[in-house]
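Student: I have not looked at this structure before. Can we go through it by question and answer?

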Amino acid sequence: MKKSFDLNLKINKIPKFIKRLYKVVNEPTIKEIYWNDNGNSIIIPKKEEFIKNVLCLVSKTREYSGFIRQLNNYGFTKVRGYTDECEEYFNKNFLRNREELLNLIGRSKEKSGSTADIMNSYRQECYSLRNNVEYLNNSNYMLTKEVENLKARMEKQDRTMNGLIEVLTRAFRFGMKNENPQLAFSENKTHSELDKFLSEDLVDSSYELN
């Protein structure tokens, strides 16, 4: 009876954040966060997908920097060697199939008046903010490149349409000038010019039919 009471006491000591995180990592249908092959660290393959689909299940905060700050507060450290988009975090007591160790994970405590502890807390927060800023910068860069590519494609399509209209208009005028609207489209030169335009996808503004 006493053993059962001690076990329940230990389970109740597990922080809610750690309970939620452990449950989410062990959920096989969730792909945005999972164990590494050895089961001794957690991997977040894509921050954006994690923030969109999973963050609300783990943390009350809706900001990734707040989630990272909670990891740091509970003793998780970032494993180096991953890209900015993919991250891995380790805690010696956060292991797959070792739920009994979770009660050993506690929030880091600052000693009153300890300058070293206060500075360490600030460093952790700055580190989390820097990671978040880098992620946002990379996302903005990718979005900017995509917008530039779309703009270039639209401008090219506009030039194509305007050039095609100009060719057809001048061809029609050429036929009317010769009192035969069909003449422009029966002339080999007109056809060759149209073929050239369509193949190059661009019409020179100085184009003229003689």
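Student: Is E87 buried or exposed?
Tutor: The model is a predicted one, and the relative accessible area of E87 in it comes to 1%. Buried means under 20%. Because E87 has a relative accessibility of 1%, its class is buried.

Student: Which elements does the salt bridge between E87 and K47 link?
Tutor: The closest N and O atoms of this salt bridge are 2.9 Å apart, and both E87 and K47 are buried. The two residues are 40 apart in the chain, in distant parts of it. E87 belongs to strand β4 and K47 to helix α3.

Student: Is K78, which forms a salt bridge with E87, buried or partly exposed?
Tutor: In that salt bridge the closest N and O atoms lie 3.4 Å apart. K78 has a relative accessible area of 27%, and the buried class needs a value under 20%. K78 is therefore partly exposed.

Student: How many salt bridges does a search of the whole structure find?
Tutor: E87 forms one with K47, and K78 forms one with E87. R98 and E100 form another, with their closest N and O atoms 2.4 Å apart. Shared partners join K47, K78 and E87 into one network. The search of the whole structure finds three.

Student: Which strands pair with β4?
Tutor: Strand β2, residues 41-44, is antiparallel to β4 and pairs with it over four bridges; here I44 stands opposite E87. Two bridges join β4 to another antiparallel strand, residues 77-78, where K78 stands opposite Y89. The strands are β2 and β3.

Student: Which element supplies the largest share of the largest nonpolar core?
Tutor: This core has 26 residues, and those touching the most other members include L21, I33 and F67. At least two residues come from each of α2, β2, α4 and α5. The largest share is six residues, and the element is α2.

Student: Which residues does L21 touch, leaving out those up to four places away in sequence?
Tutor: L21 is among the core residues that touch the most other members, as are I42, F76 and F94. In general, nonpolar side chains in soluble globular proteins tend to be buried together. With sequence neighbours up to four places away left out, L21 touches I33, I42, V58, F67, L71, F76 and F94.

Technical notes
Residues are numbered from 1 along each chain as its sequence is written. This is a predicted model: local features need pLDDT of at least 70, side-chain atom pairs count only at pLDDT 80 or more; totals for chains, interfaces and linings use all residues. Side-chain values use heavy atoms; hydrogens and water are left out. Two strands pair if DSSP finds at least two bridges between them. Buried means under 20% relative accessible area, exposed over 50%, partly exposed in between (1.4 Å probe, protein chains only). A nonpolar core is a set of buried Ala, Val, Leu, Ile, Met, Phe, Trp, Tyr and Cys residues joined through side-chain atoms within 4.5 Å. Contact means heavy atoms within 4.5 Å. A salt bridge is a side-chain nitrogen of Lys or Arg within 4 Å of a carboxyl oxygen of Asp or Glu.
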